[in-house]
Amino acid sequence: MGDYMKLYVSFSRGYAFGLCLFALVSFAVLAVAGNGKTYKVFENELSREYYIKSKGYSVTEPFTVKNIVVDGEGLTEYTYIAKDKTIIRLCFDGVKLVGEKYDRYKTG
């Protein structure tokens, strides 16, 4: 038939071990970097209002502002009522947004 060229590649044990170690360390670093949380920071009421408007709701000022405790952590909760009767709760740790919840206002 035809002549085929055979190619042999060999690695030393040290090189193969180093390559595996490099791959494990790289995946570990990427896993840690992927689990990092990013927070939105709002320093004043105007920035919170713009954020809510960017979600499609029309609000002016918070209906209530209160300190709450969630999982042993002290947070500040701002509650807004939008014109379409949506209740918006934004929870902050200082100036970092750590939670938000949207509910419908119910009557009767």
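This note walks through the fold, the core and the salt bridges of the structure.

1. **Basis.** This is a predicted model, in which local features need pLDDT of at least 70 and side-chain atom pairs count only at pLDDT 80 or more, while totals for chains, interfaces and linings use all residues. Residues are numbered from 1 along each chain as its sequence is written, and side-chain values use heavy atoms, with hydrogens and water left out.

2. **Fold.** The protein has two helices and five strands. Along the sequence, the pattern reads α-β-α-β-β-β-β. Helices (H or I, at least four residues) and strands (E, at least two) are DSSP runs, numbered from the N terminus.

3. **Overall shape.** The radius of gyration is 27 Å, well over the 13 Å that the globule rule gives for 108 residues, so the protein is more spread out than a compact globule. That radius is taken over C-alpha atoms, and the globule rule is 2.2 Å times the number of residues to the power 0.38. The C-alpha trace spans about 85 × 40 × 30 Å along its principal axes.

4. The accessible surface comes to about 8900 Å². Carbon and sulfur atoms hold 58% of that surface. Areas come from the Shrake-Rupley method with a 1.4 Å probe; for residues, only the protein chains shown count as cover. Of the 108 residues, 19% count as buried. Buried means under 20% relative accessible area, exposed means over 50%, and partly exposed lies in between (1.4 Å probe, protein chains only).

5. **Contacts along the chain.** Take the contacts between residues at least 6 apart in sequence: 29% of them join residues at least 24 apart. A contact means heavy atoms within 4.5 Å.

6. **Core.** The largest nonpolar core has 11 residues: Phe42, Tyr51, Ile52, Val59, Tyr78, Tyr80, Ala82, Ile88, Leu90, Phe92 and Leu97. Helix H2 (45-54), strand S3 (73-81) and strand S4 (86-93) each supply at least two residues of this core. S4 gives the most, with three residues. A nonpolar core is a set of buried Ala, Val, Leu, Ile, Met, Phe, Trp, Tyr and Cys residues joined through side-chain atoms within 4.5 Å.

7. **Phe42.** This core residue touches Ser47, Arg48, Tyr51, Phe92, Val95 and Leu97, not counting residues up to four places away in sequence.

8. The whole structure holds six salt bridges. Each is a side-chain nitrogen of Lys or Arg within 4 Å of a carboxyl oxygen of Asp or Glu. One of them joins Glu45 and Arg48 (3.0 Å, N to O). Both residues lie in helix H2, three residues apart, about one turn of the helix. Glu45 is partly exposed at 23% relative accessible area, whereas Arg48 is buried at 9%. Lys53 and Glu49 also meet in a salt bridge (3.1 Å, N to O). They are four residues apart in H2, again about one helical turn. Lys53 is partly exposed at 40%; Glu49 is buried at 15%.

9. **A salt bridge across the sequence.** Lys55 and Glu100 form another salt bridge (3.9 Å, N to O). Lys55 lies in the loop between H2 and strand S2 (64-70) and Glu100 in strand S5 (residues 96-104), so the pair ties together parts that are 45 residues apart in sequence. Lys55 is partly exposed at 41% relative accessibility, and Glu100 is partly exposed at 33%.
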